[in-house]
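Please read these points with the sequence and the model side by side. They go from the whole protein to single residues.

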Amino acid sequence: TFRNSIFEDYKGTRKTTPPELSEQFPVIRQLLSCLGITTLEIENYEADDIIGTLAVAAEQKNIETTILTGDRDALQLITANTKVLMTKKGISEMKCYDLLTFQEEYQQLPPSALIEIKALMGDTSDNIPGVAGIGEKTALKLIAEFKNIETLLNNIDKVAGVKLKEKLREQAHLAIVSKTLATINTEVPLEYDFSEFVLNPNIEELDKLLEFLAFRNIKEKFLTALKIVPQEQPP
């Protein structure tokens with residue numbers, strides 16, 4: 001993606017996608033199509049960027065948005081109209097983050113502060129370097145005091161601790177690069193129409209596909225959820 005042109009080793013520590021997962025992608029796309037669920041893909045961008053672009057566009061139209069994800073990066077997108085439903089344990093345990101919930105967990109900071117925090121502490125899963133030796137606790141403290149990376153780097157003399165000052169001076173460039181890598185791009189050149197984002201399943205094709213995949217129990221659940229099969233009433 002465009003992030004690799006900024007930092008060559010971005011996500012460089014990740015293993016190659018196993019073929020047994022890759023070969024399922026076309027089937028997933030086909031299933032979503034049968035369910036009438038709109039999907040969007042674009043070269044050079046990550047899913048987070050597409051989600052962020054749609055969330056901001058929805059915000060501008062005053063549309064309430066819920067982002068369902070297991071990626072905490074999405075928390076930076078929270079607004080008065082946008083909340084994040086975070087999967088904590090599969091889909092059996094979730095936590096809903098809105099402005100209040102986020103601020104309770106992140107010392108009353110705004111959601112955008114997550115970008116600044118990640119710029120300092122880095123992210124091993126995405127191979128974002130950050131500033132070596134700075135963890136979440138220190139990053140939170142610094143951003144609570146200085147608000148953003150730029151202000152922090154312009155006021156290193158005001159930072160407590162000789163070693164911390166040295167780290168910030170020596171690795172300032174990594175903090176700046178890390179901030180760019182951690183920022184979700186909300187201006188992806190997508191082609192879409194919100195009016196077309198309507199659940200419109202093709203029941204005949206869905207039935208055939210689920211039968212072909214031998215998803216018989218799942219088929220019944222799908223059809224029930226789509227109100228095609230009346231739900232059983234309790235005795």
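1. Buried residues make up 34% of the 235 residues in the protein; buried means under 20% relative accessible area, exposed over 50%, and partly exposed in between, with a 1.4 Å probe and protein chains only. The model is predicted, and local features need pLDDT of at least 70, side-chain atom pairs count only at pLDDT 80 or more, while totals for chains, interfaces and linings use all residues. Residues are numbered from 1 along each chain as its sequence is written, and side-chain values use heavy atoms, with hydrogens and water left out.

2. Overall dimensions and surface. The C-alpha trace of the protein spans about 70 × 40 × 35 Å along its principal axes. Its accessible surface is about 14,800 Å², and carbon and sulfur atoms hold 53% of that; the areas come from the Shrake-Rupley method with a 1.4 Å probe, and for residues only the protein chains shown count as cover.

3. Of the contacts in the protein with a separation of 6 or more, 57% are between residues 24 or more positions apart, a contact being heavy atoms within 4.5 Å. The protein has 26 positive and 36 negative charges, and their mean positions are 7 Å apart. Lys and Arg count as positive and Asp and Glu as negative, without His and the chain ends; each charge is placed at NZ of Lys, CZ of Arg, CG of Asp or CD of Glu.

4. Secondary structure. The protein contains 12 helices and three strands. These are DSSP runs numbered from the N terminus, with at least four residues for helices (H or I) and at least two for strands (E).

5. The sheet. Three strands make an open sheet with mixed pairing, in the order S1-S2-S3. Strand S1 (65–69) and strand S3 (93–97) are the edge strands, each pairing on one side only. From one strand to the next the twist averages 25 degrees, where axes are lines fitted to C-alpha atoms (for helices over the stretch in contact) and angles run from 0 to 180 degrees between N-to-C directions. Two strands pair if DSSP finds at least two bridges between them.

6. Bridges in the sheet. S1 and strand S2 (residues 82–89) run parallel and are joined by five bridges. Ile67 has Val84 in S2 as its bridge partner, and Leu68 has Leu85. Five bridges also pair S2 with S3, in the antiparallel sense. Here Met86 stands opposite Lys95, and Lys89 is partnered by Glu93. S2 and S3 form a hairpin with three residues between them, and Gly90 in the turn has a positive phi of about 60 degrees.

7. Is helix H6 enclosed or open? Eight of the nine residues of H6 (residues 113–121) are buried, so the helix is largely enclosed by the rest of the structure. The buried residues are Ala113, Leu114, Ile115, Glu116, Ile117, Lys118, Ala119 and Leu120. They pack against helix H5 (99–105), helix H7 (136–146), helix H8 (149–153), H9 and helix H10 (172–182). Just after H6, Gly122 has a positive phi of about 70 degrees.

8. Arg169. This residue sits in helix H9 (residues 162–170). Arg169 counts as partly exposed because its relative accessibility is 46%. Apart from neighbours within four places in sequence, Arg169 is in contact with Ile156 and Asp157. Arg169 and Leu153 are 16 residues apart in sequence, and their C-alpha atoms are 7.6 Å apart in space.

9. Most residues other than glycine have a negative phi. Lys147, not a glycine, has a positive phi of about 75 degrees. Lys147 lies in the loop between H7 and H8 and counts as exposed because its relative accessibility is 53%.

10. Ala214. Its phi is also positive, near 65 degrees, in a residue other than glycine. Ala214 is placed in the loop between helix H11 (203–212) and helix H12 (216–225). With 46% relative accessibility, Ala214 counts as partly exposed.
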